[in-house]
Amino acid sequence: MERICKLRKEAAERGEPVLREKSFRLLLDTVKKKEPKKILEVGVNVGLSGIAMLLTVKTARLTGIEISEEKISEAKRNYAEFGVSDRVKILQGDASEILPLLTGKYDFIFLDGPKGHYYEYSSYLLPVLNKGGILFADNVLYRGYVDGRVKVPHSHATIKHSMENFLKVICNDKALETVVYDLEDGVSITEKLI
C-alpha cells in the first residue's frame with residue numbers, strides 16, 4: 001500500500017482529483033468489511049482507488065467507467081504495475097450513456113464521477129446493486145455547499161441541487177440504509193437492504 005500512497009500523493013500534486021486521505025481509508029475499511037466479489041467504479045481516473053480495492057480483496061473483480069482516454073492509459077499502466085490487470089475491465093465513455101446499458105449486478109459501487117450527475121446515476125446504480133451491497137459515494141457535501149456551510153456561487157447551484165436530490169434518494173428510500181459522513185468533502189455509504 002506504500003507504493004499506492006506515493007502514487008496518490010504524486011497524482012494529487014499534479015492536480016488529479018484523488019480521493020482524500022480519510023475518505024480513502026474509509027473506502028478501504030468498507031471494502032475490507034464487505035469483501036465484495038464484483039465492484040463497479042464510476043470515475044476511474046488513473047486507477048489508484050481501484051487498485052487499492054483489488055489489493056484489499058484479492059478475489060474481487062472491478063468494472064470501471066472512465067471518459068478520458070488519457071486517464072485510462074495511465075490506469076492500465078498502473079493496473080499492470082500492481083498485477084491486477086486480469087481482474088479489471090474498463091468501459092470507456094460517458095457514464096450517462098454506459099450506466100443504462102449495464103446488465104450485471106455488483107456487490108460494491110464506488111461513485112466518484114461528475115458530481116452534477118449523481119442524482120441521474122442513482123436510477124441506474126441502485127437497480128444493479130445486489131441486496132446487501134454498498135454504494136459508496138464521495139463528495140456528497142460538495143465543498144460545503146450542500147449542508148449550507150458555504151454560500152453557493154451561481155456557477156455551482158446546479159451541481160448542489162443535483163447532489164441534494166441524490167442525497168434525498170439514498171436517505172429516504174426504505175430499501176436503503178444510508179450514513180452520510182461529514183468527512184473531508186462528504187462521503188455517503190448506502191447499504192441496499194431489499
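Mentor: A pocket here is an open set of grid points with protein on both sides within 12 Å along at least five of seven lines, and the model we apply this to is a predicted one. In this model the largest pocket holds about 700 Å³ of space.

Trainee: Which residues are the closest to the centre of the largest pocket?

Mentor: The largest pocket is lined by 34 residues, and those closest to its centre are Pro 17, Asp 112, Gly 113, Lys 115 and Asn 139. Among the elements that each give at least two residues to the lining are β1 (38-42), α3 (48-56) and β2 (61-66).

Trainee: What makes up the lining of the largest pocket, by class?

Mentor: There are 15 nonpolar, 8 polar and 11 charged residues in that lining, where Gly counts as polar.

Trainee: Why are the buried residues of α1 said to line one face of the helix?

Mentor: The residues in question are Ile 4, Leu 7, Arg 8 and Ala 11, all buried in α1. Seen down the axis of α1, the buried residues fall within an arc of 105 degrees, and so they line one face of the helix. Glu 2, Lys 9 and Glu 13, on the other side of α1, are exposed.

Trainee: Why is Cys 5 called partly exposed?

Mentor: Partly exposed is what lies between buried, under 20%, and exposed, over 50%. Cys 5 has a relative accessibility of 36%, and therefore counts as partly exposed. Cys 171, at 41%, is partly exposed as well. As for disulfides, the structure holds 0.

Trainee: What makes the phi of Asn 45 worth a remark?

Mentor: Most residues other than glycine have a negative phi. Asn 45 is not a glycine, yet its phi is positive, at about 55 degrees. Asn 45 sits in the loop between β1 and α3, and because its relative accessible area is 10%, against a limit of 20%, this residue is buried.

Trainee: Is Glu 184 buried, partly exposed or exposed, and how do you know?

Mentor: Glu 184 has a relative accessibility of 32%, so it counts as partly exposed. This residue belongs to the loop between β6 (176-181) and β7 (187-192), and Glu 184 also has a positive phi, near 55 degrees, although it is a residue other than glycine.

Trainee: Why is Val 31 called buried?

Mentor: Val 31, which is part of helix α2, has a relative accessibility of 0%, and therefore counts as buried. The C-alpha atoms of Val 31 and Phe 110 are separated by 9.9 Å, while 79 residues separate the two along the chain.

Trainee: Where does His 117 lie?

Mentor: His 117 lies in the loop between β4 (106-111) and α6 (118-125), and with a relative accessible area of 30% it is partly exposed. From C-alpha to C-alpha, His 117 and Ser 96 are 7.9 Å apart in space, and in sequence they are 21 residues apart.

How values were computed: Residues numbered from 1 in each chain as written. Predicted model: local features only at pLDDT ≥ 70, side-chain atom pairs only at ≥ 80, totals over all residues. Heavy atoms only, no water. 1 Å grid on protein atoms, 1.4 Å probe; cavity = no way out; pocket = protein on both sides within 12 Å on 5 of 7 lines; lining within 4 Å. Points joined across faces, edges and corners; volume = space filled by probe spheres on them. Helix = DSSP H or I, 4+ residues; strand = E, 2+ residues; numbered from the N terminus. Disulfide = S-S within 2.5 Å. Buried < 20%, exposed > 50% of the residue type's maximum accessible area, 1.4 Å probe, protein only. Arc of directions from axis to C-beta.
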